[in-house]
Amino acid sequence: MNKLLERLIGRLPIGWLQLSHNKGRFAAAIAGVAFATLLVLMQLGIQGAMKIGSLMPYSLLNADIIISANDGSTLTDRSNVARARLFQALGVAGVASGAPAYIGILEFRQPDGVPTTLQTFGFSVSDKAFTTADVAAKFDQLALENTALIDVKTRGVDAAIFEELKAGKPYPFEVNGQTLNAVDTIEVGGTFTADGTMFVSDQTFLRFFGKRTSSAPNHILLKVADGVSPTVVLERLRAKFKGQALTIETLDDFAAADLAFQTTERPTGIIFGFGVIMGTIVGIVIVYQVLSTDVADHLREYATFKAMGYDQRFFLGIVTEEAIILAVLGYIPGLFASFGLYQVMTTLTSLPVQMDGARIVYVFVGTLLACALSGAIATRRLAAADPADLF
Amino acid sequence: MSAPALTLSQLDHFFGTGEARKQAIFDINLTLERGKLTILMGPSGSGKTTLLTLMGCLREVQSGSVKLLGEELRAAPEAQLVSLRRRLGFIFQAHNLHESLTATQNVLMGLQVHGKGNPAQQRKAARHMLGLVGLSDRLDYLPSSLSGGQKQRVAVARALVSNPEIVFADEPTAALDKESGHTVVKMLKTLGEERGTTTVMVTHDNRILEMADRIITMEEGRVISDELQTPKG
Ligand SMILES: Nc1ncnc2c1ncn2[C@@H]1O[C@H](COP(=O)(O)OP(=O)(O)OP(=O)(O)O)[C@@H](O)[C@H]1O
Ligand SMILES: [Mg+2]
């Protein structure tokens, strides 16, 4: 190790020798950095899951433009839109087709009494092209009344049920006093708004949501004609519906606005954002403590080095070396621990808490920078002092 | 040899500010020739350490002038001080070895300040130097497992390994018993002599006095006697 570092740095690896000389403090420092790294990675993991969860419903839709009431920020917190807008929109040049989308949350109780919520999408069977290919391929089965496609990743549902479903045995369950038959499965995964996702026909939807009517869907989805720019059509639509209480956006922009709302305006999003900042601060404080104590403990030696003709760059070098060692040795266990905890969280919550490559790199670079920054601060008091005043 | 090793003129030094401001060095004028051993004597508090640190670029020169190896230290930029320090060797009252480095590594620090160089050659030079101070069987010991005298000898090796032009030693024997103290000082003198090094030493060891070329005595920040002599021993 020493020889390798010496070759790497071109001088004695004093930082390494200094750190490893005091084993107890070294271990504590590594544990501190590991903990801070873990904290940040956990918060980012949850944030990432929230992001995936917020965008999940949009990934089930296949449309260019969405028209909604303008009194909310997400897919589900708005008033309804009059279906008449769909017919008016179809008259706008460049709009090829459109469909009303009905969205709501249904709750059912499993035999053991556990309540399970399903985010339910209702589409006319003839509008199946407004859903993703996987859902569309199975949509015809929903022509039969009171049937549904159910998410195999629905939280808290016995996996055996889905096995039987896939084998062709429908799964009946009670919702609002009526029986709904799950006839096939789709794979979606956890969202924050419900335990799972379900697709039904518009007829079935209206039967289960007694207060809803076909004339007032949640959203209107539009596709533009081939070769026409959605933004051009968007402008025409906005001009046509000028002054009405509507939000007209491309589906992507609508989803992005929803995500921004979730992460910066909803309490949960803000809390996890704070978690990242707190983790970073904890990490900087720990490393700064370790490095500045280390500088203070070695002040006499450093003064001697300064008297021998070593300059500030040399001391920065030692402390940077220490910072990098702490960053690397602390980051690795922190990363591995977070892989483990991601797994645990995914199992416990069915939320898509996943590591992504960019996060591994960003957090490592962040750890390095935080460590180097604390190191630079820790050497400040050496810079101005006369060597004779340091003894 | 061109300029003298050191030329001090009208050197004053003050500690503290305002009410607490106190003069520690008063109007010192001295010229030290190269290759000589000068001993600095005087009672405690007479300003020996202060003078030594002023001469060795370890303290900012406030008033008067210090010319070290021909270069003026007063108001010299940090970079110039750094490169001058590399031409000096310093031995302090306490050994000031780095506790995490072995004897050899501590001595290497005296070489690496001049740049990377050839690691194998540097290691060899460090070991050779430790041999000269009688520590060839303690090369890879950490300071914590060396005696006081051995530690101070490592410090001597570290100061001398890069063949400094001037060596400053401030009571290098203060923390040692009489015998090992004498060994260290004797080593410093002999090694300096062999290399033609200029040595300025603060010491209370009387046996060393007669080996010196010059003895300067201070009192209350002033030079009160300055004697040249022909060294014996
Ligand atoms: N950093 C300092 N701040 C304030 N006063 C100081 C400082 N260093 C030394 N002095 C004062 O300057 C005077 C000279 O001190 P110096 O250390 O040079 O004496 P010395 O001859 O080396 O003494 P000793 O033999 O005890 O080492 C003393 O009065 C001392 O109190
Ligand atoms: Mg002194």
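**View 1. Ring pairs link A:Tyr302, A:Phe305, A:Tyr310, A:Phe314 and A:Phe315 into a cluster.** Rings of Phe, Tyr and Trp (its six-membered ring) pair if their centres lie within 6.5 Å; planes under 30 degrees apart count as stacked, over 60 as edge-to-face and the rest as tilted. The model is predicted: local features need pLDDT of at least 70, side-chain atom pairs count only at pLDDT 80 or more, and totals for chains, interfaces and linings use all residues. Residues are numbered from 1 along each chain as its sequence is written, chains are lettered from A and ligands numbered from 1 in the order in which they are written, and side-chain values use heavy atoms, with hydrogens and water left out.

**View 2. A:Phe108 and A:Phe173 form a tilted aromatic pair.** Over all chains, the structure holds 17 aromatic pairs. In the pair of A:Phe108 and A:Phe173, the distance is 4.5 Å centre to centre, with 45° between the planes. A:Phe108 belongs to strand β2 (residues 95–109) of chain A and A:Phe173 to strand β5 (residues 171–175) of chain A, so the pair links distant parts of the chain, 65 residues apart. Helices (H or I, at least four residues) and strands (E, at least two) are DSSP runs, numbered from the N terminus. A:Phe108 is buried at 3% relative accessibility, and A:Phe173 is buried at 5%. Buried means under 20% relative accessible area, exposed over 50%, partly exposed in between (1.4 Å probe, protein chains only).

**View 3. A:Phe139 and A:Phe199 form an edge-to-face pair.** Their ring centres are 6.3 Å apart and their planes stand at 75°. A:Phe139 lies in the loop between α5 (133–138) and β4 (147–151) of chain A, and A:Phe199 in strand β7 (residues 196–201) of chain A, so the pair ties together parts that are 60 residues apart in sequence. Both A:Phe139 and A:Phe199 are buried.

**View 4. Four strands of chain B form an open antiparallel sheet in the order β2-β1-β4-β5.** Two strands pair if DSSP finds at least two bridges between them. The edge strands of chain B, β2 (22–32) and β5 (71–72), each pair on one side only. Strand β4 (residues 63–68) of chain B is joined to β5(B) by two bridges. B:Lys67 stands opposite B:Glu72 in β5(B).

**View 5. In chain B, the charged ends of two arginines sit over phenylalanine rings.** B:Arg21 is placed over the ring of B:Phe14, 4.0 Å from its centre. B:Arg222 is placed over the ring of B:Phe26, 4.1 Å from its centre. A charge sits over a ring if NZ of Lys or CZ of Arg is within 6 Å of the ring centre and within 35 degrees of the ring normal.
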